[in-house]
Amino acid sequence: MENQNLLEIFYKTNALLNGHFLLTSGRHSNQYFQCALVLQYPEYNELICKKIADNFKDFDIDYVIAPAIGGIVVGQEVARQLGKRFIFAEREDKILKLRRGFQIEEGKKYLVCEDVVTTGGSVFEVIDIVRNGGGLVSGVGFIVDRSNGKVNFGVPQFSTLQLDVISYSPEECPLCKDGLPITKPGSRTFTGMNK
Ligand SMILES: [Zn+2]
């Protein structure tokens, strides 16, 4: 699947929107991205995760591991395509932990999966969980790199889409200066502003 087709899928499902948006941080942006909106379609999840699975198919991998919640859908599908086991870490008192009897096996190799990486915080936490348990990290595969390539995990990494997120303080927002109405994604009155 070419990147252009991938972009079309993100636009078609309203996962990626162009317009004038109020972000939860209070800043304004010309782009809004919500990965869950594309992953609600299992057939698209399968297509997108195939790019990740294909990239790592020749790597030495025993397990796929992901941080909850966003990474679970991705990690499960990548693991299914690679024919590997899948475990996930979840937050307890704000710290990612393995629960439900999941364990890191010493000497085994792990592929970390995630949906969206902005600063990479959750992925770095999962990398620590694997290494602290005596496991090895073979790579990191994720759907969207919102850092546009700035985040470096120090292992082979692959993302299906790179986005450069531009945001403005309300005072300096050029879209406000142009008088464009602003939308708050996720609000009840929100409707997609896509072509
Ligand atoms: Zn604005």
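Which residues does E92 touch, not counting residues up to four places away in sequence? The legends below take up this and other close-up views. The structure is a predicted model, in which local features need pLDDT of at least 70, side-chain atom pairs count only at pLDDT 80 or more, and totals for chains, interfaces and linings use all residues. Residues are numbered from 1 along each chain as its sequence is written, and side-chain values use heavy atoms, with hydrogens and water left out.

**View 1. E92 and its contacts.** E92 touches K97 and R99, when residues up to four places away in sequence are not counted; contact here means heavy atoms within 4.5 Å. E92 lies in strand β4, where helices (H or I, at least four residues) and strands (E, at least two) are DSSP runs, numbered from the N terminus. With a relative accessible area of 29%, E92 is partly exposed, because buried means under 20% relative accessible area, exposed over 50%, and partly exposed in between (1.4 Å probe, protein chains only). E92 and R131 are 39 residues apart in sequence, and their C-alpha atoms are 19 Å apart in space.

**View 2. The zinc site.** The zinc ion is coordinated by H20 (NE2), H28 (ND1), C173 (SG) and C176 (SG), at 2.0 to 2.4 Å; donors are N, O and S atoms within 2.8 Å of the metal (3.2 Å for Na, K and Ca), and water is not among the atoms, so sites may look incomplete. The angles among the four donor atoms run from 96 to 116°, and the site is tetrahedral, a term used for four donors if all angles lie between 85 and 135 degrees. Along the chain, the donors follow the spacing H-x7-H-x144-C-x2-C. H20 counts as buried because its relative accessibility is 1%, and H28 counts as buried at 7%.

**View 3. The largest nonpolar core.** In the largest nonpolar core, which has 30 residues, F10, V38, V78 and I143 touch the most other members; such a core is a set of buried Ala, Val, Leu, Ile, Met, Phe, Trp, Tyr and Cys residues joined through side-chain atoms within 4.5 Å. The elements that give two or more residues to this core include α1 (3-12), α3 (42-55) and β7 (136-145), and α3 gives the most, with five residues. V38 touches I9, F10, T13, A15, Y44 and I48, not counting residues up to four places away in sequence. A second, separate core of 20 residues includes A89, V112, V117 and V151.

View 4. The peptide bond from A68 to I69 is cis, with omega near 0°, and I69 is placed in the loop between β3 and α4. N14, in the loop between α1 and β1 (16-22), is a residue other than glycine with a positive phi, near 65°, and N14 counts as partly exposed at 32% relative accessibility. K94 is not a glycine either, yet has a positive phi of about 70°; K94 is found in the loop between β4 and β5 (95-98) and is exposed, with a relative accessible area of 76%.

Conventions. Four donors count as tetrahedral if all angles lie between 85 and 135 degrees; four count as square planar and six as octahedral if opposite donors are over 155 degrees apart and all others between 65 and 115; anything else is irregular.
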